[in-house]
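Thanks for coming, everyone. Please have a look at the structure on the screen. I'll talk you through it.

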There are 2 protein chains.
Amino acid sequence: MARAATTADAFNAVAEPRRRQILDVLAGGERPVNDLVRQLGLPQPQVSKHLRVLREVGAVDVRDEGRRRLYRLNGRALKPIHDWVKDYERFWSERFDELDVVLEELKRKEEGDGSE
Amino acid sequence: MARAATTADAFNAVAEPRRRQILDVLAGGERPVNDLVRQLGLPQPQVSKHLRVLREVGAVDVRDEGRRRLYRLNGRALKPIHDWVKDYERFWSERFDELDVVLEELKRKEEGDGSE
DNA sequence: GACAAATATTCCTATATAGGTATACAATTG
DNA sequence: CAATTGTATACCTATATAGGAATATTTGTC
């Protein structure tokens with residue numbers, strides 16, 4: 001059985017790091033394919049292929065400008081990812097809290113042992 | 001060329017929705033495999049397979065308790081996902097900001113038309 | 001109109017996998 | 001000790017893909 005298609009949802013689309021890179025660049029503003037090609041140092045066909053995936057999950061939109069195709073980010077498509085992962089933030093934030101407590105206790109111990 | 005392995009990183013591991021579900025359940029606390037099997041209504045071998053992936057990306061930790069294996073969440077492993085997607089929050093938050101402005105203007109208009 | 005630029009798409013391939021089925025192994029129970 | 005429980009894993013299969021190489025199509029320039 002195959003994995004879910006890369007175009008199945010945003011999670012699958014952005015699992016591929018190059019596609020995340022493309023989104024990162026587009027976060028800075030609308031771009032033609034050529035810009036992405038140059039900026040990412042990837043071959044043009046590759047970039048087009050990745051853009052197609054991103055387009056199909058709705059993460060980018062495209063408009064024609066003559067022979068150029070300008071792509072822009074649709075960040076809303078990434079919201080499901082954020083919505084899912086944000087609930088896990090407490091698992092590393094609390095960790096920091098616990099670490100602070102432990103460090104505080106260690107500090108007290110050191111002060112308590114300061115006499116040795 | 002194959003896609004990156006599901007065990008390549010957290011992004012690839014959680015692209016599969018069942019694995020996200022597993023993490024969601026474990027977010028509620030340490031669990032034996034059997035609990036996950038029953039709670040998710042998945043066959044046991046499937047659950048074990050998914051758990052192995054999650055274990056390899058570090059998203060879960062396991063300890064033996066007799067013949068039972070208890071799995072617990074390591075939420076830190078999901079931080080890279082959060083770190084990446086959080087910068088995109090502005091792309092839907094600003095949208096909400098704009099919507100608020102529009103709604104505010106509509107409200108003012110309605111209040112202005114309140115005399116009719 | 002010839003040529004170049006920009007880009008999408010086709011063809012190909014080796015690779016990994018999600019689920020199904022069956023099995024192996026260890027621990028527990030009676 | 002036999003039977004049961006709990007779980008990991010092996011074997012199998014159909015499927016999708018990331019990149020490479022090549023190509024097709026459209027638009028722009030001179």
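One definition to begin. When I say helix or strand, I mean a DSSP run, numbered from the N terminus; a helix has at least four residues, a strand at least two. Which elements each supply at least two of its residues? From chain A, they are helix 3 (33-40), helix 4 (44-56) and strand 3 (68-73). From chain B, they are helix 2 (17-26) and helix 4 (44-56). Helix 4 of chain A gives the most, with six residues.

A word of caution. This is a predicted model. Chain A averages a pLDDT of 87, and 80% of its residues score at least 70. Among the elements of chain A, helix 1 (residues 10-14) has the highest mean pLDDT, 97. Helix 6 (residues 90-112) of chain A has the lowest, 65. Where pLDDT is low, the predicted coordinates should not be read in detail.

Back to the DNA. There are 30 residues around DNA strand C. Which come nearest? They are A:M1, A:S48, A:Y71, B:Q46 and B:K49. By type, the surface divides into 11 nonpolar, seven polar and 12 charged residues.

What part of the DNA do they meet? Take the atoms of DNA strand C within 4 Å of the protein: 61% belong to sugar or phosphate. The rest belong to bases.

Now some phosphate contacts. In B:R18, a side-chain N or O atom is 2.7 Å from a phosphate oxygen of DNA strand C. For A:R69, a polar side-chain atom lies 3.4 Å from a phosphate oxygen.

Next, the two protein chains. The contact takes 31 residues from chain B and 30 residues from chain A. Between them, about 3,000 Å² is buried, and carbon and sulfur atoms give 64% of that area. On chain B, the residues that lose the most area to chain A are B:R3, B:W84 and B:W92. Together they make up 22% of what that side buries.

How many salt bridges cross this interface? The rule finds zero. Polar contacts are another matter: the count is 14 residue pairs, both at pLDDT 80 or more.

Last, the chain B side. Helix 1 (10-14), helix 2, helix 5 (79-86) and helix 6 (90-112) of chain B each supply at least two residues. Helix 5 of chain B gives the most, with six residues. That side divides into 16 nonpolar, five polar and 10 charged residues.

How values were computed:
Residues are numbered from 1 along each chain as its sequence is written. Chains are lettered from A and ligands numbered from 1 in the order in which they are written. Side-chain values use heavy atoms; hydrogens and water are left out. pLDDT is the predictor's confidence in each residue, from 0 to 100. A residue is near a molecule or strand if one of its heavy atoms lies within 4 Å of it. A polar contact is a pair of N or O atoms within 3.5 Å; within protein, one must be able to donate a hydrogen and the other to accept it, and residues adjacent in sequence count only if both atoms are side-chain atoms. Ala, Val, Leu, Ile, Met, Phe, Trp, Tyr, Cys and Pro count as nonpolar, Asp, Glu, Lys and Arg as charged, and the others, Gly among them, as polar. Contact means heavy atoms within 4.5 Å. Buried area is the accessible area (1.4 Å probe) that two parts lose on being put together, summed over both. A salt bridge is a side-chain nitrogen of Lys or Arg within 4 Å of a carboxyl oxygen of Asp or Glu.
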